[in-house]
Amino acid sequence: MKRIYFSYFSAIFFLSLFVSGCNQSTSSEKSGESGGKKLTVGVTMLSMQNEFIVNVSDEIEKKANELGVELITVDAERSALKQIEQVESFIAQKVDVIIMNPCEVEASSPAVTKALAAKIPIVNVNSETTAKPTAFIGSDDVESGRIAMKFIAEKLGGKGNVVMMHGYMGQAAQIKREQGAREVLKQYPNLKLLAHQTGEWDRAKGMALMENWIQSYGADINAVFAQNDEMGMGAVKALTDAGLKSKVIVVSIDAIPDALQAVQKGTLDATVFQNAEQQGAKSIETAVKIAKGEAFDKETLIPFQLVTKDNLAKFMK
Amino acid sequence: MENHLKTDRNPTEKPYKTRIKGMGRYGIFIAFILVCVVLSVVTPKFLTVSNLLIVVTQVSINALLAFGVTFVILTGGIDLSIGSTVAVTSVVAAMFAHPDSYPVIVPILTGLAAGLLLGAFNGLVITKSKVPPFIVTLGTMTIGRGLALILSKGRPISNLSDSFNFIGGGQLAGIPTPIIILIVFFIICSVVLKKTVLGRYMYAVGGNEPAAKASGIQLNKVKMVVYTLCGGLAALAGILLTSRITTGQPNAGVGFELDAIAAAIIGGTSTTGGTGTMTGTLIGALLIGVISNGLDLMNVTSYYQQVVMGIIIIGAVVLDSLNQNKS
Amino acid sequence: MNPDYILTVHGLTKSFSGVKALDQVRLNLRKGEVHALMGENGAGKSTFMKILIGLHSPDAGEIFFEGSELKASHVSEMLKKGISMIHQEILIVPELTVAQNIFLGRETQGGLFGWIDEKKLNQQAAVLLEQMGVNISPTAKMKYLSVAEMQMVEIAKALSNDARVIIMDEPTSALSDKEVATLFSIIRDLKKKGVAIIYISHKMDEIFEISDTITVLRDGKYIDTRPAADLTINTLIQLMVGREIDSLFPDSTSHKGAEVLSVKNLSRAGKFSGINFEVYAGEVLGIAGLMGAGRTEIARAIFGLDAVDSGEIYLKGKQLIIKTPQDAIRQGIGYVSEDRKGLGFIPGMSVKHNITLSSLPNHARGLFIQDKSEAATAAKMIADLRIKTAGADQKVMFLSGGNQQKVVIGKVLLASPDLVILDEPTRGIDIGAKFEIYKLINRLVSDGIAVIMISSELPEILGMSDRILVLSQGKQTALLTRAEATQETIMRYAVH
């Protein structure tokens, strides 16, 4: 598949805040014009620098090609403001449906309100907004935190010291994954949360954080819960370097290929699979159904799955 | 400027103003020692060989970036693109670093080449177009980030060879390789600055650009070299990072330029150019690293860490401007 | 206390880290007089004035202003009391208008939100400028004014503060003769209004033209106060340097040698055109002319700082193509700029490093600087030119103007030039240092170097040059021999 990147700088870029880059990709293979007017779907994604999001987006694109739908995909670069502007431009272009992968719970809400006010259906994928969209496809992040911490609790027999690496503080995924983990911790009074700190979803930061924790707590740490695989991989690296990996359990979320490989090698004990393909596929399918006036589900929750060495084969491609 | 203080005095006595300046220069060193002492008292985990090795290892990436940026700031410029250069280098090096593909020198050289090219691009545009470096490197920052994403298709590149991973993750005689690389390049950069014609020219260009030109110095040549050097050092930092986390990351290095600039400025590099030393920059980077490590050891949330870091940066610049006013 | 005195100072003492910058200095300033404050650089004039306007506070001594004691505190308070200073480097905000600059910090406010009433400001400024008899629009942006006009605005600003004492520090250093005349007529007007002026300048002819009384300081100490009419240039110089100087311009023993530089039909649009001259080894070619006549522009073009549109430059018979200063230096041309601070030296770098800057590759092996060779060369030059500095590692910004100039000359000489262009080499330099620069020029020519000296001071041109090129509005109007030249002939050709 070919991708055409249109990168431009806005005229004024004295403040990086105002640097507005925009990656638009249009499906270049116009497959089967299956009679009548072709549907146009506007897609705005949280960040094309995040592997999981890229996977969702790729799946949307793949499915769109199968369904013969014209896609306009843009990257919000983690900025809710930019996302709102992108949705406004979709409205102006009179697309048939909008698919939004929201940057933020609150700040991206106006985009939903605006689309609905313009009578254009909007589908939220992967995360929620306060304003209710036409349909929601995603997974419940609280569940992923629950699954991960539950795994740790069972492995440790309900007793031990845990450290937790947060994503960007205040983001929906961070809040929910923490919430799920804490729910489980409450059920196991002998499971102690030794320390928690942000690793900003970043592998290098996660690694540095783990190194510092090792200095601080050493062999007292029994398990690490990282809210995403990137940080988890960083923790694994730091523990391996310190010769402690065999003694410490590491669990993270997302099941990126790197993490799956690590599970196979046995360095990462478990990851939690969030189904990018299904989220992508379901969102475009739902969008098309809405546009064609067919019946659709207002909410599709795609379940998380725990990935360990035992069931790894299912997730490896 | 009148000089009633200097001319008639005993020439062996150090001039008053030089002494004040000197205090400023040692100020950062004293601050660094002070922070170390405080941390040693507050948390017993701080002053251990293993922790200190980890701090310096963590600092090495920022320090290498800061060395490059010190060259640039010394000449009165700025480079905002180094964080993106780290990402491009990371991706490029990782592409050639799979096991059983190429010998380890290939990813190192291709990575370095990528960084040097980006730096040279900055230098070329800045010298040919006369557009301020701030704007040029801001543009390169975005271009670099885009290139990294294009080359990697937005995904991290993992499964790197052991020999490549040794660069940032290995040890020689019990000392982590990043520390050895840091020391080697600290010495090289210091020598370039203090002992070479080029280094002298950097001070001259930053100290008074028109006068440097009238003294026969080729401004464009100096600037070209400086930005290229900065790109090269950023590439080195990128290779080190990639090797350390054993993946090529297109989104690596976001915001790194600010940490590097902060290290240089905390270390006494004047924001207007003309003054600064590599030792100062190294201490600046160490100070940032030690504080972040210490606060982690004490389990202080990152929110406070950011506040502390901001106060230190402003403090350093205030110190710098107080010194300048005195002279 | 004598009621004629508007300002009385006695016993004023100020030390910086144990070194006395001012020692028991006194001054009596009458209403409506121009009182020149004379002394070499380092004599303490600046420190004295900084105390008067509240930038420094004295260690001891008293200042009485209009009969009451002044406790020096803050610049704005001194301004309110009526003491203003016109600085050597004009302090203006280039993007603001004339009126906005005059009333900067004291904008008349009105309206609900403290809006600035621009109209009122402009009117008041117009009145002020009118009173001074200068023709400057209050709404013009400062950056479009000439230096002289900016100075007038500064004076207007002082007057708007109701200043009764105005300190002028080298006010004419950047003015043309005509502009100086305007300034002097304004000063005479101010005198009539009872404003007292403390006048600091190195230009002897001005001092005797404008001042009523002269006070001399030397090494921070009060030397004497006398009516200007009782003094001659020689007696004044004697008071300032503490010894007698027989002649300001030392005799030269050089002999004219072979042609070094030949300039043919040199032109640069809007700046100068049709310039032809030669300079020979062992001679000083003086270039005279009014401000804007194109003197500095020609020097800059020969040195590669500006491009020329047409014409040829030959050095020792060989045609040169000079695009950058680096080319010029390599070919053997050295340039000491009139803009010492801007183009001369790197203020934050040491004396040693400044001196070797243009010849650094000579003290390097490959890329690496040979410290010993560099230090030895610098030390020799410092001794040779008698540069007064606390050491080779002293930063140049801490030196006096004369010593800074010597550092620049030292740098130029180390690149072993065949031709040295000196542009206003003694501007802002005290008498003693001037004399040394003149001796240095003579030494250069007796070593067989060709020298071009650009100067606005006619006595200097006449005293130092073997031949004199006179320019007027970008054209050369005369090439005089020393015998032909007098102040009158030069001026005649300069206004051609």
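Predicted model: local features only at pLDDT ≥ 70, side-chain atom pairs only at ≥ 80, totals over all residues.
**Entry 1**

**Entry 1: one helix pair across the two chains**

I wanted a close look at one of those helices, α2(B), and its partner in chain A. The partner I looked up is helix α6 (residues 203-217) of chain A, whose axis comes within 10 Å of the axis of α2(B). The two axes cross at roughly 170 degrees. Are they roughly parallel or antiparallel? Angles over 145 degrees count as roughly antiparallel, so I put α6(A) and α2(B) down as roughly antiparallel. I wrote the crossing down as left-handed.

Then I listed who meets whom. From α6(A) I have A:A208, A:E211 and A:Q215, and they meet B:S50, B:N51, B:I54 and B:Q58 in α2(B). By kind, this contact has 4 polar residues, 2 nonpolar ones and 1 charged one.

**Entry 2: α3 and α5 inside chain B**

I checked it against helix α3 (residues 82-95) of chain B. Their axes come within 8 Å and cross at roughly 20 degrees. That angle makes α3(B) roughly parallel to α5(B). I noted a left-handed crossing for this pair.

My contact list for α3(B) reads B:G83, B:S84, B:T85, B:A87, B:V88, B:V91, B:V92 and B:M95. On the α5(B) side I wrote B:T140, B:M141, B:G144, B:R145, B:L147, B:A148, B:L151 and B:S152. Sorted by kind, the contact holds 9 nonpolar residues, 6 polar ones and 1 charged one.

**Entry 3: α7 and α8 inside chain B**

I picked one more pair: helix α7 (residues 177-195) and helix α8 (residues 197-207) of chain B. Their axes are 5 Å apart, and the packing angle is about 70 degrees. How do the two lie: parallel or perpendicular? I wrote roughly perpendicular, because 65 to 115 degrees is the range that counts as such.

The residues that meet are B:V192, B:L193, B:K194 and B:K195 from α7(B), with B:L198, B:G199 and B:M202 from α8(B). I counted this contact by kind as 4 nonpolar, 2 charged and 1 polar.

**Entry 4: what the UniProt record says**

I looked up both chains in the record. For chain A, an unreviewed UniProt entry places "domain: Periplasmic binding protein" at residues 41-294. In the model that span is 49% helix and 21% strand, with its end C-alpha atoms 16 Å apart.

For chain B, an unreviewed UniProt entry gives the feature "transmembrane region" for several stretches, including 104-127 and 172-193. I checked those two in the model. Residues 104-127 of chain B are 96% helix and 0% strand, and the end C-alpha atoms lie 35 Å apart. Residues 172-193 of chain B are 77% helix and 14% strand, and there the end C-alpha atoms lie 28 Å apart.

**Entry 5: which chains touch**

How many pairs of chains are in contact? I found 2, and chains B and C share the most contacts. Chain A and chain C do not touch, and their nearest C-alpha atoms are 21 Å apart.

Last, I wrote down the confidence scores. The predictor gives the complex an ipTM of 0.83 and a pTM of 0.75. Chain A has a mean pLDDT of 85, with 88% of its residues at 70 or more. Within chain A, strand β9 (residues 223-226) has the highest confidence at 97, and strand β1 (residues 25-26) has the lowest at a mean of 42. I flagged residues 1-35 of chain A, where the pLDDT is below 50; this stretch still has 50 contacts beyond near neighbours in sequence in the model.

Chain B averages 87, with 90% of the residues scoring at least 70. I flagged residues 1-23 of chain B too, where the pLDDT is below 50 and the model shows 43 contacts beyond near neighbours in sequence. Chain C averages a pLDDT of 86, and 93% of its residues score at least 70.

Definitions and conventions. Residues numbered from 1 in each chain as written. Chains lettered and ligands numbered in written order. Axes fitted to C-alpha atoms, helices over the stretch in contact; angles between N-to-C directions. Helix = DSSP H or I, 4+ residues; strand = E, 2+ residues; numbered from the N terminus. Parallel < 35°, antiparallel > 145°, perpendicular 65-115°, else oblique. Left-handed = near helix turned anticlockwise from the far one by under 90°. Contact = placed C-beta atoms within 7 Å. Nonpolar A, V, L, I, M, F, W, Y, C, P; charged D, E, K, R; others polar. pLDDT = per-residue confidence, 0-100. UniProt positions renumbered as here; feature names shortened; annotations may be inferred.
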